[in-house]
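Hi,

Here is the structure I promised to pass on. My notes on it follow below.

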Amino acid sequence: MTITRRDLIKAGVAAGTALSMPSVLRAQASPDDARAVRMVMSDLAVFDPILSTADITRMHSLAIYDTLFSLDSKLAPQPQMVANWDVSKDKKTYTFELRDGLNFHDGGPVTAADCVASIRRWSQVDAGGKLIMARAKDISKQDEKTFAIALKEPLGILLGALVEGLYLPIMREKDANRPATEQVTSNIGSGPFRFNDARAKPGASFTYDRNENYVPRQERPDGFAGGKVVKVDRVVWQNIADQQTALAALQAGETDFVLDPPADLYPVIESDPNLELHVLSKAGGTLFVRMNFLQPPFDNVKARQAMLHLIDQEAFLRMHPDPRYTQTVTSIFGNSPLYSNHENTGWFEKGGAPEKARQLFQEAGYAGEKIVIVQPTDWAAASDASQLLANTLRKIGANAELEPMTFSELTQRRANKGSIEDGGWNIFISDYSIANPISAPFLLANGNEAWFGWPKNDEYEALRAKWADVDTLEERQALARKMQGVWWDFVGGVLLGRAVQPTAHRKALTGLLEVPGAYGFPMWNMQKASA
């Protein structure tokens, strides 16, 4: 009889035992003081949020960079660095005034010029930013604390565009003047945490210290908005690739938080009186299969349609031991009460349609070429889904091959547009939350300007371009149905189902903020009880 990892865990829970933690980790994990928080996170490889949509990069940016507006718990934009803002009567000029007390970590004041340069750099990459620039006559400094965005025509979604896509970090002007294709690595922002370069150990740990000079807003924290009050002196991000080792450290009190505990360890966490599972990203994320439109076999629409019919969402969701955390999804707008719809979803059926998928692969001319699936081993949900997808493909005769790597490595690998022989890829699995077609990278289909995978469909893009100018909810819902109908014809991606991902932390760590979306969470407001 084969004894599985889950069998061992169940036995451990039944016996009331803790997982074993190597002594070397105990020696390395001693906290500096009682006001330091240690968090097991995925490895941080890209520091610049303009160059990466990875949650870990976004969380790094939330810590060290402030931003103009932030989303509250109801997904409404609220002023953050902005004190006052105004719109002209013709709705073509937006004027923003910065609040007092904003300074960079090097001591220099945050100015309107910094904001203008940061917006211009961000808008080279973000879809919402590109829309703003296409409509803008000018973005200019008015005085040291005031800047304006002058438009050629009204753009009612401007505030949403500033906050719903890629994180807009306000950088020093000299950093923001760097090309959007070059990473800014100075890590000097004006946010509530300072990045501690002296203690940085790439691949092992990164340290963030409380910014004693930060002046938070007076409002209570609400989602990502409100006052960013830091209640600890230091936060250390630990990179512990082995999940059982990470949980053992959590049980032993050598770390305080684990970002992404695997689902089969939930029983261990729930049985420990000092630990708890906590869903911080309330909207959860929809897992999806991203295919490379530039390389065979998925440069052929028949092969992409084969994937659509192949997937049995319920099989993928069964990998999660608690059905309360999961839900099937057939709409590209997720389960949004506003825009989710059933247009062109006849492909969805219980168990999938493997024979239909096999036939479509044959019609695509697929002849057994290797299909490389890059597998992020330190992201449990995506790693498990990658393995199931590979096995599902093999069952219909496809030559699927997994290439295991860290998520940090995956974020670099997926940028390769080359062939498999040149280090390219065919499939990776990711997730998305806020399904705004203007800013959500997953929902772009403008070829080389699109997100990784580079889908291209002109009919869909013509519909998406109308989103910014639709005035009523009814018109936007009708547009959402048309967009989805086209999407499922050209298959810009394939959904695997929705799940919320609980974190694990010691009960002594309190004040963790619950936030909308699935794009990481902030570290302000949390505090740690004395031992």
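Which strands does helix α10 lie across? Helix α10 (residues 301-310) lies across β13 (285-291), β17 (427-432) and β18 (494-499), and runs at about 145° to β13. Axes here are lines fitted to C-alpha atoms, for helices over the stretch in contact (heavy atoms within 4.5 Å), with angles from 0 to 180 degrees between N-to-C directions. Helices (H or I, at least four residues) and strands (E, at least two) are DSSP runs numbered from the N terminus.

Before you go further: this is a predicted model, where local features need pLDDT of at least 70, side-chain atom pairs count only at pLDDT 80 or more, and totals for chains, interfaces and linings use all residues. Residues are numbered from 1 along each chain as its sequence is written, and side-chain values use heavy atoms, with hydrogens and water left out.

Helix α13 (residues 380-395) lies across β13, β15, β16, β17 and β18, at about 160° to β15.

Now the sheet. It is open and mixed, with six strands in the order β14-β18-β13-β17-β15-β16; strands pair if DSSP finds at least two bridges between them. At the edges sit β14 and β16 (399-405), each pairing on one side only. β16 pairs with β15 (residues 370-376) in the parallel sense over seven bridges, and K370 has N399 in β16 as its bridge partner.

Leaving aside neighbours within four places in sequence, S331 is in contact with Y339, S340, N341, Y432, Q484 and L495.

Cheers
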